Amino acid sequence: MTNIIQPKVSIVIPVYNVERYIDRCIQSVLNQTLQNFEIILVDDGSPDNCPEICDKYANSDSRIKVVHKANAGLGMACNSGIENATGEYIAFLDSDDWIDPEMYLTMCSIADSQNADIVFTGLRRINEKGESYIMSQSNQKKIHQNSSEIQSLALDMIASKPDIKIERRIAMSAKVVLYRTDLIQKYNIRFVSERQFMSEDLIFNLDYLRHSSLAIELPMTFYNYFVNESSLTNNIRKDRFDKYIILREELINRYFPAELLWRERINRFFIGYVRQAIGAIFKSNKLTEFEKYHWVKDICHNPIWKQLRKEYPVTKMPIAHRVIFSLICREYILLLRMIFSLTRN
């Protein structure tokens with residue numbers, strides 16, 4: 001009888017319309033210093049040549065599995081990967097991104113040596129010109145090993161305290177994290193659909209942390225997040241603000257709705273995301289000035305801002321954030337337009 005060796009880590013890669021990038025992504029996994037892995041390519045009904053590319057890889061390497069399914073979005077594709085995972089650990093990787101060779105050996109070794117439930121690393125952002133910078137990375141190794149410390153970690157992932165300039169201390173992305181597969185299966189932790197709630201990674205991480213006993217942050221970055229800058233400035237979703245309101249309510253109701261500390265961080269999360277959305281609207285190449293004005297006007301006119309003025313500690317906000325918040329509440333659209341034309345953020 002042949003002994004079947006359990007993979008150390010299952011790497012789930014959702015695949016949709018990325019035939020330009022998928023080879024780079026898969027090759028970065030095949031080049032890992034840790035070789036005891038399985039790759040689960042989840043073809044989410046991709047309309048290009050990705051299904052054939054996935055099958056070709058699976059036929060050439062027994063460590064690679066392919067799941068073909070009807071299109072249902074990124075979150076549901078990740079869930080299909082979870083259901084097919086057999087590794088001791090599980091990780092997620094977007095198919096237009098890539099990773100450095102030492103990523104999974106480093107993370108698995110740390111998780112093994114300290115019996116960690118979850119390991120976080122940093123996130124590097126790279127554009128089409130090859131320009132890069134570290135978006136988030138812990139400044140030192142941090143071990144969180146009781147419920148209070150893990151709750152503090154979760155809060156810092158949602159958003160920073162009101163008086164801190166950076167939006168959050170730790171990235172909410174599930175792609176820079178190593179998870180224990182048995183814990184995911186034991187508590188039936190799954191991704192929500194991004195078509196229902198934006199930031200499906202954040203909800204997944206918060207659900208997972210509720211069942212974690214030991215979490216580790218590493219002062220290392222291995223993950224390369226590829227950003228098409230031109231598509232970012234052109235693709236503005238009309239329903240984005242409404243989705244932020246829905247997500248805010250879901251986060252409040254899902255995590256200790258009576259605790260003001262959670263509500264404060266969730267409100268900061270919401271305010272920051274809307275501020276970024278308004279900036280994206282003003283910088284869009286696809287909208288007329290008339291459309292920009294009235295779109296932002298509708299956002300500012302929403303009654304949620306009266307509620308936030310009452311319950312959020314506005315006086316503690318960094319001055320730049322406080323100014324923009326005040327202009328939103330007063331519906332000073334032209335001043336907002338002028339400020340965002342002078343800044344990058």
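Me: Which backbone nitrogen does the side chain of S28 reach?
Reply: In this predicted model, local features need pLDDT of at least 70, side-chain atom pairs count only at pLDDT 80 or more, and totals for chains, interfaces and linings use all residues. Residues are numbered from 1 along each chain as its sequence is written, and side-chain values use heavy atoms, with hydrogens and water left out. S28 has its place in helix α1, residues 22–30 (helices are DSSP runs of H or I with at least four residues, strands are runs of E with at least two, and both are numbered from the N terminus). At 3.3 Å, the side chain of S28 reaches the backbone nitrogen of I99.

Me: Is S28 buried or exposed?
Reply: Leaving aside neighbours within four places in sequence, S28 is in contact with W98 and I99 (contact means heavy atoms within 4.5 Å). Buried means under 20% relative accessible area, exposed over 50%, and partly exposed in between, with a 1.4 Å probe and protein chains only. The relative accessibility of S28 is 8%, so S28 counts as buried.

Me: How are α7 and α9 oriented to each other?
Reply: Helix α7 (residues 200–209) packs with helix α9 (residues 240–254) at an angle of about 5°, and their axes are 12 Å apart. Axes are lines fitted to C-alpha atoms, for helices over the stretch in contact, and angles run from 0 to 180 degrees between N-to-C directions. Angles under 35 degrees count as roughly parallel, over 145 as roughly antiparallel, 65 to 115 as roughly perpendicular and the rest as oblique. Therefore α7 and α9 are roughly parallel.

Me: How many charged residues does the contact of α7 with α9 have?
Reply: From α7, L202, I203, L206 and D207 meet L247, E250, L251 and R254 of α9. Ala, Val, Leu, Ile, Met, Phe, Trp, Tyr, Cys and Pro count as nonpolar, Asp, Glu, Lys and Arg as charged, and the others, Gly among them, as polar. By class, the contact of α7 with α9 has five nonpolar residues, no polar ones and, as charged residues, three.

Me: How many nonpolar residues are in the contact of α5 with α10?
Reply: Helix α5 (residues 147–158) and helix α10 (residues 260–283) pack at about 25°, with axes 8 Å apart. That angle makes α5 roughly parallel to α10. Q151, A154, L155, D156 and I158 in α5 meet L261, W262, R265, I266 and F269 in α10. The contact of α5 with α10 has one polar and two charged residues, while its nonpolar residues number seven.

Me: What kind of aromatic pair do Y179 and F204 form?
Reply: The structure holds 14 aromatic pairs (rings of Phe, Tyr and Trp, the last by its six-membered ring, pair if their centres lie within 6.5 Å; planes under 30 degrees apart count as stacked, over 60 as edge-to-face and the rest as tilted). The ring centres of Y179 and F204 are 5.2 Å apart and their planes stand at 85°, so the pair is edge-to-face. This pair links distant parts of the chain, 25 residues apart, with Y179 in strand β9 (residues 177–180) and F204 in helix α7. Y179 is buried at a relative accessible area of 0%, F204 is likewise buried at 0%, and their pair is edge-to-face.

Me: Which residues outside its sequence neighbourhood does K243 touch?
Reply: K243 lies in helix α9. K243 is buried, with a relative accessible area of 13%. Not counting residues up to four places away in sequence, K243 touches R195, Q196, M198 and R237.

Key
Polar contact = N/O pair within 3.5 Å; in protein donor to acceptor, adjacent residues only side chain to side chain.
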